[in-house]
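Here are some notes for reading this model alongside its sequence. Please keep the structure open while going through the numbered points.

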Amino acid sequence: RITEQKVVDFLLKSDADTARFPSDQEFTTAWLTRTSYQNLAQYKIRAILGALDIAFETSKSESLALPDTLTIEHVLPVTWQTNWPLGLDDPDNIEEKLSSTESRNKILHSFGNLTLITGSLNPALSNGSWKDKKPELIKFSKLNLNRYFHDCDHWDEDAIIERGKGLLAKAQTIWAYPVVGKDNE
């Protein structure tokens with residue numbers, strides 16, 4: 001019989017990238033900078049975001065089962081160019097534009113920019129601007145994960161990083177690195 005402790009012991013002893021506990025630093029770096037949407041299967045991302053939603057429950061919030069039909073939404077859309085201009089000091093500076101575009105394209109696939117919504121809300125939000133997207137998200141989403149957006153006046157790279165840090169803090173409470181003691185050595 002496989003127990004939780006046996007799984008923990010196995011992961012602590014393993015050196016394989018896909019079968020080991022990452023250090024807290026590795027976890028933090030990956031969470032904040034990795035293009036998770038492009039590197040993880042969607043069902044895994046949904047599971048992670050679902051676990052975060054449950055972790056954000058309080059004694060004052062409803063405990064709702066998450067539907068299996070929720071979809072992953074990029075708050076800053078993948079096709080952002082029309083409604084989400086880059087905040088450039090000099091829009092004619094090609095190097096700055098390329099650097100900003102590359103940076104934005106990377107961060108938009110991080111956990112800080114991902115959330116869960118219904119399949120019918122997803123196309124309604126689409127590639128719209130934050131001004132159009134935020135009221136719809138607030139109006140129709142009941143998820144604890146999306147309460148964050150109620151007080152969010154703008155959505156850009158800094159906002160994505162800030163939300164990513166908040167999600168990271170919650171993720172670290174769910175998936176904490178095990179305390180290594182006599183049983184694990």
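1. The axes themselves are lines fitted to C-alpha atoms, for helices over the stretch in contact, and the angles between N-to-C directions run from 0 to 180 degrees.

2. The model is a predicted one, in which local features need pLDDT of at least 70 and side-chain atom pairs count only at pLDDT 80 or more, whereas totals for chains, interfaces and linings use all residues. Residues are numbered from 1 along each chain as its sequence is written, and side-chain values use heavy atoms, with hydrogens and water left out.

3. The protein has 8 helices and 2 strands, where helices (H or I, at least four residues) and strands (E, at least two) are DSSP runs numbered from the N terminus. Along the sequence these elements follow the pattern α-α-α-α-β-α-β-α-α-α, and the C-alpha trace spans about 60 × 45 × 25 Å along its principal axes.

4. Helix 2 (residues 24-33) and helix 8 have axes that come within 10 Å and cross at roughly 140°, and the two helices are therefore oblique to each other. Their crossing is right-handed, a term used when the near helix is turned clockwise from the far one by less than a right angle, anticlockwise being left-handed.

5. Which residues of helix 2 meet helix 8? They are Asp 24, Phe 27, Thr 28, Trp 31 and Leu 32, and their partners in helix 8 are Ile 161, Gly 164, Lys 165, Leu 167, Leu 168, Ala 171 and Gln 172, contact meaning heavy atoms within 4.5 Å.

6. Buried residues make up 35% of the 185 residues in the protein; buried means under 20% relative accessible area, exposed over 50%, and partly exposed in between (1.4 Å probe, protein chains only). A nonpolar core is a set of buried Ala, Val, Leu, Ile, Met, Phe, Trp, Tyr and Cys residues joined through side-chain atoms within 4.5 Å. The largest such core has 17 residues, and those with the most contacts inside it are Leu 76, Trp 80, Trp 84, Trp 130, Phe 149 and Trp 155. Helix 6 (121-125), helix 7 (130-140) and helix 8 (157-174) each supply at least two residues of this core. Apart from it lies another core, of 15 residues, including Leu 49 and Ile 72.

7. Ile 72 is found in strand 1 (residues 71-74) and counts as buried at 9% relative accessibility. Beyond four places in sequence, the residues it touches include Tyr 37, Leu 114 and Thr 115. Thr 115, in turn, lies in strand 2 (residues 114-117) and is buried, with a relative accessible area of 0%.

8. One backbone angle deserves a look. Most residues other than glycine have a negative phi. Ser 126, although not a glycine, has a positive phi of about 40°; Ser 126 is found in the loop between helix 6 and helix 7 and counts as partly exposed at 35% relative accessibility.

Note on methods
Parallel < 35°, antiparallel > 145°, perpendicular 65-115°, else oblique.
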